[in-house]
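Have the viewer open and follow along.

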Amino acid sequence: MAAYRPGVLIGNWKEDACLEEDRLRDFMHKRERGELLIQKINKLQDNLLKKIQLSVSKDEFVHFGDTVMLLNPDNKSLVENYPGVCGSLTLAINLDEISMYSAKSLQVPCGVSAVKSVEPVGRNSFCVLSVDGGAVGEPIRFGQNFGLGTTGGFSDQMANSKMIITHCHTNRSLAVPRNFWTRSYFGKEYEVICHTYLDSHKAEEDKNYWEIVTGNPSDEDGTMIHRPNPQPRRDQKE
């Protein structure tokens, strides 16, 4: 059997070379357009984890168009039964690995979970949207419907104060049971459900309470969570 020299080309070498050139051109074209899978994942992840500056409430109300966080305050009554879930939790967008690898951008509607981080980033900061024609900048009234976007006789809704958020279609309150957790792309997080928890007095339990958190006017990178409570004057009783 005759031996081939190193420079001899055999088989479908021409076709193989053309296919390799086509694959390289396709790769370069997708990379220039940002269409590579790793580029899509990095862009989506960067958007979800980038730091967000919350809106500052000058009149202590929440307005349509405000960028806010939804915080479930620390529930000290659950510490004895569930010691691992103490601390405040914030509502956040929840994506599984399949969505992260397949989505070109954030798909709505999407799942949510509760996370321990209280720092405003892309996935736990929301824009307050009107669903009934309210103008941007208009205060939200008590009992008024509103939506959350990724990024006469009724009182205005106060910012940074406890409230109940009710799901329009089921008339059930948004809640964090804190004893159920879910695994997301970002790790272990807590399940968010629509269920009204009532105590023996028929009042909502702490699991149903939320705060709409705004920015700290004295610190552009901070939130009202980190703002210390004002100290009473000497002539005021504590």
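Two strands are taken as paired if DSSP finds at least two bridges between them. Keep in mind that this is a predicted model. With that in hand, look at Ala-114, which stands opposite Tyr-190 in β9. The strands involved are β3 (residues 111-115) and β9 (residues 187-191), which run antiparallel and are joined by 2 bridges.

**The overall picture**

The protein has 13 strands and 3 helices. Out of its 238 residues, 33% count as buried. If you go looking for aromatic pairs, you'll find 0 in the structure.

Start at β1 (residues 67-72), which runs antiparallel to β2 and is joined to β2 by 2 bridges. Here Asn-72 stands opposite Leu-89 of β2. How many residues of strand β2 are buried? For β2 (residues 89-94), the count is 6 of 6, so the strand is mostly covered, given that buried means under 20% relative accessible area.

From β2, 5 bridges lead on to β3, again antiparallel. Ile-93 has Val-112 in β3 as its bridge partner. β3 is then joined to β9, as we saw above, and β9 is joined in turn to β8 (residues 181-184) by 4 antiparallel bridges. Thr-182 is bridged to Glu-189 in β9. β8 and β9 make a hairpin, with 2 residues between them.

Here are the antiparallel pairings side by side:

| Strand pair | Bridges |
|---|---|
| β1 and β2 | 2 bridges |
| β2 and β3 | 5 bridges |
| β3 and β9 | 2 bridges |
| β8 and β9 | 4 bridges |

**Zooming in on Ser-113**

Ser-113 belongs to strand β3. Is Ser-113 buried or exposed? Its relative accessibility is 0%, so Ser-113 counts as buried. Its side chain makes a polar contact with the side chain of Glu-189, at 2.5 Å. Leaving aside residues up to four places away in sequence, Ser-113 touches a list of residues that includes Thr-90, Leu-91, Ala-92 and Asn-94, along with Arg-123, Thr-182 and Tyr-190. Glu-189 is in that list too, and Glu-189 is also the bridge partner of Thr-182.

**Charges over rings**

Two lysines are worth a click. The charged end of Lys-188 sits over the ring of Trp-181, 4.8 Å from the ring centre. Likewise, Lys-207 has its charged end over the ring of Tyr-197, with 4.4 Å to the centre.

**Two residues with positive phi**

Which residue in the loop between β7 and β8 deserves a look? That would be Arg-178, found in the loop between β7 (174-175) and β8. Its phi is near 75°, a positive value in a residue other than glycine. Arg-178 has a relative accessible area of 1%, so it is buried.

Then there is Lys-202, in the loop between β10 (193-194) and β11 (209-213). Lys-202 isn't a glycine either, yet its phi is positive, at about 65°. Is Lys-202 buried or exposed? Lys-202 counts as exposed because its relative accessibility is 68%, and the cut-off for exposed is over 50%.

Methods: Residues numbered from 1 in each chain as written. Predicted model: local features only at pLDDT ≥ 70, side-chain atom pairs only at ≥ 80, totals over all residues. Heavy atoms only, no water. Buried < 20%, exposed > 50% of the residue type's maximum accessible area, 1.4 Å probe, protein only. Phe/Tyr/Trp six-rings, centres within 6.5 Å; stacked < 30°, edge-to-face > 60°. Lys NZ or Arg CZ within 6 Å of the ring centre and 35° of its normal. Polar contact = N/O pair within 3.5 Å; in protein donor to acceptor, adjacent residues only side chain to side chain. Contact = heavy atoms within 4.5 Å.
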